[in-house]
Amino acid sequence: MAKKMHRNLFLGLTLAASLLVTPTTYASEGGHGHEGQGHEVVAAKAMSPADTLVAAIKGNDNFKGHHDSHYFDAYQEEQIPGLTVISCADSRVHTSLFGMDPNNNIFIIRNIGNQISNSEGSVDYGVRHLPCKVLMVMGHSSCGAIKAAMSNYSRETPGIKKELNSLRKVMLKDDGKGSFKERWAKNVERNVDYQVNYACKLYNEKVKSGEMAVVGAIYDFNNLYGKGRGALVITNINGETNPNKIMNDSLLKGLGNSDLINHVSSRAPGEKW
Ligand SMILES: [Zn+2]
């Protein structure tokens, strides 16, 4: 099984490298992208439904063209991911941030506000049936769901209201101090803490025995934590939010000091939001 995983990882890295030198024309074909910046930016709102669909299908041709049929051999019959991620559905947040091939490596569940209770069955599947050894609750900077939950969303659809209502408990911890932007950022992290605690109760036996870990993280593309844009910042491990204790957690022993500094929230415990 380990050999299989290594093969997946190797193929993933090969794929990542091949994609890096083969930039998609998705943005430029629509005529609205930011060309020449070396990355995809699609002005999706300006694209018609037909253009959007055709771009997606052509994109799949691009994907298919970079994978020979042997690539799929490794997971024809079963999946063996090690990581379950509950992420926000936000289009700025994708598994590409992990820098590995997500296929067969990451079991990802997405909804607005990265909430376990709104997709509990899917999270259960990743944790109890696959079973993944790490459940990561991943919030992100500028989360629209958190912003909406902080605001009056009474005119939203019943479906949206239902999914935002479950964030009310998190908003109760908002003390109203600071600017809206500061409170927004704090509430993103409060939500991650809330979801981690929820998961720790749900999978109490597995967490206590060390069979699995629940990790809280923020994907920060605004550099709010000072780790650089695009950094994955670890803010919680199994309910522990003290950065010094997180840095010393055995789960992170494979990281060097600079990695720890670059990926663990550096706030002092007294500054806990
Ligand atoms: Zn979000």
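Figure 1. The model is predicted. The chain has 273 residues, and 29% of them are buried. Take the contacts between residues at least 6 apart in sequence: 61% of them join residues at least 24 apart.

**Figure 2. Five strands make an open sheet.** The 5 strands follow the order β2-β1-β3-β4-β5, and their pairing is mixed. Which strands are at the edges? They are β2 (106-111) and β5 (231-237), each of which pairs on one side only. On average, neighbouring strands of this sheet are turned by 25 degrees against each other, direction ignored. Strands of a sheet pair through backbone hydrogen bonds, in a parallel or an antiparallel way.

**Figure 3. Strand β1 pairs with β2 and with β3.** Strand β1 covers residues 83-88. How many bridges link β1 and β2? There are 6, and the pairing is parallel. Look for C88: N111 in β2 stands opposite. Now turn to β3. This strand runs parallel to β1, and 5 bridges join the two. T84 has L135 of β3 as its bridge partner.

**Figure 4. Strand β3 is largely enclosed by the rest of the structure.** Strand β3 spans residues 134-140. Why is β3 described as largely enclosed? Of its 7 residues, 6 are buried, so the rest of the structure largely encloses this strand. Strand β3 also pairs with β4 (residues 213-220). That pairing is parallel and has 7 bridges. M136 is bridged to V215 in β4. In a regular strand, side chains alternate between the two faces of the sheet.

**Figure 5. The largest nonpolar core contains 43 residues.** Which residues touch the most other members? They are L135, M136 and A217. Several elements supply at least two residues each: β1, β2, α4 (120-129), β3, α5, α8 (180-202), β4 and β5. Helix α8 gives the largest share, 6 residues. Zoom in on M136. Leaving out residues up to four places away in sequence, M136 touches L83, V85, V215 and A217.

Figure 6. Most residues other than glycine have a negative phi. Is S142 buried or partly exposed? S142 has 17 C-beta neighbours inside 10 Å, so it counts as partly exposed; being buried takes 20 or more. N238 has 20 C-beta neighbours inside 10 Å, so it counts as buried.

**Figure 7. Helix α3 lies largely in the open.** Helix α3 runs over residues 49-65. How many of its 17 residues are buried? The number is 0, so α3 lies largely in the open. Next, check its span. At 1.5 Å a residue, the 17 residues should span 24 Å. The end C-alpha atoms are 24 Å apart, which agrees.

Key:
Residues numbered from 1 in each chain as written. Predicted model: local features only at pLDDT ≥ 70, side-chain atom pairs only at ≥ 80, totals over all residues. Pairing = 2+ DSSP bridges. Helix = DSSP H or I, 4+ residues; strand = E, 2+ residues; numbered from the N terminus. Axes fitted to C-alpha atoms, helices over the stretch in contact; angles between N-to-C directions. Buried ≥ 20, exposed ≤ 12 C-beta atoms within 10 Å, placed from the backbone. Contact = placed C-beta atoms within 7 Å. Core = buried A, V, L, I, M, F, W, Y, C linked by C-beta atoms within 7 Å. Expected span 1.5 Å × (residues − 1).
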